[in-house]
Each structure stands twice: as C-alpha cells, then as structure tokens.
Amino acid sequence: MTRIDDLILFAQVVEQGSFSRVAEQNSLTNSVVSKRIARLEKDLGVQLLYRTTRKLTLSEAGKKLYKGAANVQQVATEAINTVSGFGESITGHIKMSVPTISGELLLADAVAEFCAQYPGMTVDMSLENLFVDLIEDNYDLVIRTGYLEDSSLIARHIIESQWIICASPGYIKHHGRPTEPEALIDHNCLQYAYQTTGASEWEFKGDEGDYILKIKGNFTTDNASALRKAALGGYGIAYVPRCLVYHDLLKGDLIDVMPNQVAKKLGVYAVYPFTRKPPKKIRLLIEHIRQRYLAISEYF
C-alpha cells in the first residue's frame, strides 16, 4: 500500500528538483530519499522520475501523480500550520511568470509592493510571453492573457484586454486612414508574433459574427515594445492590446483608426496548479494583482 509520507516526499523532490535538497530539508540521507522514491515506484508499478547527473525529469506517470501528491502535501501542510498557529502567517517564496506587457505596465510595481507589505515574502518574477508549464517548471503562479485549456490548472479571471488598430498621425497623413477592415489590404501592417491565432490574422466584428482578415506587412516582432516603437515611428499600422498604447492614444501620438470594429478581446487570468485551496500567500498576491489591474481598468 502506498504511504502518504512517500507521496509528500515525491512532491518535494519534484518541487526542489533535487534528492539532496529534500534530504537536507527532512533531515534524511540521500539514500533514504532515493529508496523511498524507489519504493513508491515499486508500489505503483511505474517509473516516476528519470534521473541524470544534471537534473530530474518527470515521466508522464510522474506528472499525473505529482498533481495529486502536491494536493496531499498542501492539505497536510495547512492542517499542521493551523494546529501549530501558523496558518495565517505570510512567509515563503513564490515563483511566477507574467506577460511582458502587463509586467512592464503594472506587475513589476505591484509585486514589488506586495513584497514590501509582507517582509517575510520573496518573489521571483519572470517576464515572458511563453505559455510556461507550471508543473514542469515549478511555477507557483502565472498571469496569462488568452485561453486556458489545461484542466489540471485553476484560473481566476482578472480583466478583459481589448485589442485595437492604431497608427501614427504621420502614417495617416502620408498613406490615408483606413475606415473599414478590408482597406487594410492596401496598407503596411505591423505584425505582433505573440498571438494565439497568428501574426497576420486580425479579428474583426461583422454583421454575421466575428471574422478573420489576412493582412500583410514588412515588419513582424514578438516584442510588444518594438511593435509600439515601429507604430510611433510611422512605419505602419499596428494591431495591439489597448493597454500597450493607452498613453500614446491620450497624447495623440497614435490614433485608434477603427474604434469598435476590432473583435479581439482576451481574458487576463491568474493561474495556479490544482489544489483544493491555494496557500494564503498565493490568494493574497492574486487579489493584490487583481486590484492593481482594476485600478487602471480604463487602460484595457
């Protein structure tokens, strides 16, 4: 029969990525940790980990087991903390990943502010547009813009992010202002490679529902700041999240050329691995981030 403490030990090994660190954490020897993981694999009849001199890699069975083992570990930790009087303490470390636009716009400041409010907390925040693997890469929290399909993850909706079509006054003066989506075919369209549909596939509202228009242009980038600068320079028309260019629109440096015609609107979500109840530090950070988004909701 599989032992609960072996499941918890397995979850710790996955999270730490090291037998030796887990051994030290639990005042055990490396060989004891290794034997207990081997015993767990024998009890289940599957290999859970592939071990090399450099790193540990989860097998498919290991990934599935970890989801449940992490849940067991969380429930046990919360039970122990509650009894020992530490259930409400806000200490520890959070590893998180956020999109580059939101990271630069508000999350860097918001997360640093959170750390200042809770001196016992440390946060490692990566700014990247890749859809990281929370389990494989040991992330505690991810802020994502887009669609969520993995049922092993829990997502809390924060806000909707509207996209727009914009260009500089200089570009419009020299090339004219398109008033209908189809007119974009005759324009140089600056393309943002970080999209779920595709850089050249722009989504619009139509009388019979939303539709995709295939555009073309001479500049594509996966960096939002680079795309914004190209648009500000008058080199073409850009299709971007409104929050990226909100201040440029207010100052008149960029113009929303097709208000209310763009259909693309993506949800911003806080995503974390499945547990019955996330740790209080995660819940507090999510709520802190949510309030910061809502405070500037007009940007979106």
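What percentage of the 300 residues of the protein chain count as buried?

## Overall composition

In this predicted model, 43% of the 300 residues of the protein chain count as buried, where buried means under 20% relative accessible area with a 1.4 Å probe, protein chains only. The chain has 9 helices and 13 strands, which are DSSP runs (H or I, at least four residues, for helices; E, at least two, for strands) numbered from the N terminus. Among contacts (heavy atoms within 4.5 Å) with a separation of 6 or more, 76% come from residues 24 or more positions apart.

## Helix α1

Helix α1, covering residues 4-16, has 13 residues and reaches 18 Å from its first C-alpha to its last, close to the expected 18 Å, a span taken as 1.5 Å times one less than the number of residues. Its buried residues are D6, L7, I8, L9, F10, A11, Q12, V13 and V14. The helix is followed by G17, whose phi is positive, near 70°.

## Packing of α5 and α9

The axes of helix α5 (residues 100-117) and helix α9 (residues 280-295), being lines fitted to C-alpha atoms over the stretch in contact, with angles from 0 to 180 degrees between N-to-C directions, come within 10 Å and cross at roughly 135°.

From α5, residues including L106, L107, V111 and F114 meet residues of α9, among them L284, L285, I289 and Y293.

## Basis of the model

Residues are numbered from 1 along each chain as its sequence is written. Local features need pLDDT of at least 70 and side-chain atom pairs count only at pLDDT 80 or more, while totals for chains, interfaces and linings use all residues, and side-chain values use heavy atoms, leaving out hydrogens and water.

Key. Buried means under 20% relative accessible area, exposed over 50%, partly exposed in between (1.4 Å probe, protein chains only).
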